[in-house]
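Please read these notes with the model open.

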Amino acid sequence: MKPMRLADQIIIADDHPLFRQALMLTLNAVPALQGVEWLEADTVDVLDKLLETAADADLLVLDLQIPGAHGFSTLVHVRSHFPDLPVVVVSAHEEDENIRRAMQAGACGFIPKSIDPDELRDAMVAVLEGQVWVPDPKILEQSGDDDIVARLASLTPQQHRILMMFADGMLNKQIAIDLSVSEATVKAHATAIFKKLNVRNRTQAVIAVSQLDLGQFQTN
């Protein structure tokens with residue numbers, strides 16, 4: 001008897017095409033995943049566009065370092081605005097604090113890229129079956145401050161997009177052109193962003209969001 005398919009549509013957001021292909025080949029070997037429609041994104045902008053039409057996908061596989069992301073900010077944004085879309089992080093940054101923070105931000109699993117193919121398949125199946133998967137459950141017993149996660153999650157999609165542009169060093173005029181809005185609109189969004197993040201200006205906002213940068217937790 002053919003097993004019931006675990007998913008109809010899965011989004012892979014990773015900027016390395018070889019990894020995306022390897023992941024799809026590995027998971028296509030799982031009988032319950034054969035026939036899945038794979039949607040691919042190599043930047044945050046592409047992912048945002050995909051989510052406009054595919055927010056009802058069964059799973060988002062997210063690399064925290066996809067271009068346009070700033071650490072955990074994209075994960076927080078997706079979980080806040082697409083709460084019905086499960087997200088599993090697949091990352092080469094396997095430090096315990098990164099894993100804990102990803103789960104704290106709403107991921108349903110954290111799969112290291114160093115994992116062997118058999119364990120990867122088991123982990124992905126577990127997540128699709130509704131389980132939480134991390135390399136070591138003891139990691140989740142650690143405590144931490146998630147205040148910045150809650151504040152970032154309160155931003156609207158447009159506010160989040162503008163905050164990421166601030167973090168990239170773009171000027172209000174450049175942002176207005178890119179988003180096809182007026183500079184006054186950008187300034188109004190900026191005021192709302194500062195209020196939600198409890199900061200006074202653009203510099204403090206960028207410093208606040210940098211708390212979610214992977215570099216905060218990397219070890220030498």
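1. Ser180 sits in the loop that joins H8 and H9. Helices (H or I, at least four residues) and strands (E, at least two) are DSSP runs, numbered from the N terminus. This is a predicted model: local features need pLDDT of at least 70, side-chain atom pairs count only at pLDDT 80 or more, and totals for chains, interfaces and linings use all residues. Residues are numbered from 1 along each chain as its sequence is written, and side-chain values use heavy atoms, with hydrogens and water left out.

2. Back to Ser180. Its phi is near 60°, a positive value in a residue other than glycine. Most residues other than glycine have a negative phi. Ser180 is exposed, with a relative accessible area of 68%. The cut-offs are under 20% relative accessible area for buried, over 50% for exposed and partly exposed in between (1.4 Å probe, protein chains only).

3. Asn198 also deserves a look. Phi of Asn198 is near 60°, again a positive value in a residue other than glycine. Asn198 belongs to the loop between H9 and helix H10 (202-209). Its relative accessible area is 65%, so Asn198 is exposed.

4. Leu171 is a loop residue, placed between H7 and H8. Is Leu171 buried or exposed? At 55% relative accessibility, Leu171 counts as exposed. Leu171 and Val186 are 15 residues apart in sequence, and their C-alpha atoms are 9.9 Å apart in space.

5. Now the strands. Strand E1 (residues 9-13) is mostly covered, with five of its five residues buried. Gln9, Ile11 and Ala13 lie on one side of E1, Ile10 and Ile12 on the other, and all are buried. In a regular strand the side chains alternate between the two faces of the sheet. E1 runs parallel to strand E2 (residues 37-41), and five bridges join them. Two strands pair if DSSP finds at least two bridges between them. Ile11 has Leu39 in E2 as its bridge partner.

6. What about strand E4 (residues 87-91)? Five of its five residues are buried, so E4 is largely enclosed by the rest of the structure. Val87, Val89 and Ser91 point one way from E4, whereas Val88 and Val90 point the other way. E4 pairs with strand E3 (residues 59-62) in the parallel sense, over three bridges. Leu60 stands opposite Val87 in E4.

7. How many aromatic pairs are there? Rings of Phe, Tyr and Trp (its six-membered ring) pair if their centres lie within 6.5 Å; planes under 30 degrees apart count as stacked, over 60 as edge-to-face and the rest as tilted. By this rule the count is one aromatic pair. The ring centres of Phe166 and Phe194 are 6.4 Å apart and the planes are at 35°, so the pair is tilted. Phe166 lies in helix H7 (residues 157-167) and Phe194 in helix H9 (residues 183-197), so the pair ties together parts that are 28 residues apart in sequence. Phe166 and Phe194 are buried.

8. One ring contact involves a charge. The charged end of Lys113 sits over the ring of Phe19, 4.3 Å from its centre. The criterion is NZ of Lys or CZ of Arg within 6 Å of the ring centre and within 35 degrees of the ring normal.

9. The largest pocket has a volume of about 270 Å³. Of its 14 lining residues, Val44, Asp45, Arg161, Met164 and Met165 are the closest to its centre. A pocket, on a 1 Å grid over the protein atoms alone, is an open set of points where a 1.4 Å probe fits, with protein on both sides within 12 Å along at least five of seven lines; lining residues have an atom within 4 Å of a point. The volume is the space filled by probe spheres set on the points.

10. Which elements supply at least two residues each to the lining of the largest pocket? They are helix H2 (44-54), H7 and helix H8 (172-179). H7 gives the largest share, four residues.

11. The second largest pocket has a volume of about 190 Å³. Its lining includes Asp45, Asp48, Lys49, His77 and Arg161. Here the largest share, five residues, comes from H2.
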